[in-house]
Amino acid sequence: STQSTGRSSVPANSQKNTLPIQQPSDQPQFTKIGELRPQMKNINVVFIVLEKGTSTKTKDDHLVNQYLVADPSGSITLSLWDEKGHVLEEADIIQLKGGYSALFHNSLVLYTGRHGSIERVGEFTMTFSETPNMSKMEWTQPDPNNREYFVAVTPGASIPNQANAKLRNQ
């Protein structure tokens, strides 16, 4: 499995809607993107924004923006709703607190959560890896009575500690 790593050199876009740069907050535990599993809650993670994806409107007139984000352990789709979705720019380094992960059309997605927050803690320079892309893995629950166990079924998937085996959310 080939792993692409790099440093972002994406040019900064307009600064009118960006978040101010903050110092990273002290948090007891940060999760790496490569460790994310479906239905995790209260996730704290630091990542770089690689690219802005699609923007869609819901039936209730909410705007949903999607981004590809990454850290040294992998990448994932981040979905931000309404005003939170307008503030990220490519190459921003973001600290997300109080997020959660969920499956949307069998794709793992990272969300901010109702009381979650995002802070811009830097820009341009952060080592990252685009693989594994956690959103491109296929997830299944071998035991429908136990919603805490998931299996990644994508051939060749790189899962830390226990490739293609039962994983328990923490």
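Strands here are DSSP runs of E of at least two residues, numbered from the N terminus. I am working from a predicted model.

Entry on D61. I looked up where D61 sits and placed this residue in the loop between β2 and β3. Its phi is positive, at about 65°, although D61 is not a glycine. I then checked its accessibility: since exposed means over 50% relative accessible area, D61 counts as exposed because its value is 54%.

Entry on A91. I found a positive phi again, near 80°, at A91, which is a residue other than glycine, and I located A91 in the loop between β4 and β5. Is A91 buried or exposed? With a relative accessible area of 1%, A91 is buried.

Entry on the cores. I looked into the largest nonpolar core, which has 22 residues, and noted that F47, V69, I76, L78, L88 and L110 touch the most other members. Two or more residues of this core come from each of β2 (43-57), β3 (63-71), β4 (74-81), β5 (92-104) and β6 (107-111), and β2 gives the most, with four residues.

Entry on P132. I checked the peptide bond from T131 to P132 and found it to be cis, with omega near 0°; P132 itself lies in the loop between β8 (127-129) and β9 (139-140).

Notes:
Residues numbered from 1 in each chain as written. Predicted model: local features only at pLDDT ≥ 70, side-chain atom pairs only at ≥ 80, totals over all residues. Heavy atoms only, no water. Core = buried A, V, L, I, M, F, W, Y, C linked by side-chain atoms within 4.5 Å. Buried < 20%, exposed > 50% of the residue type's maximum accessible area, 1.4 Å probe, protein only.
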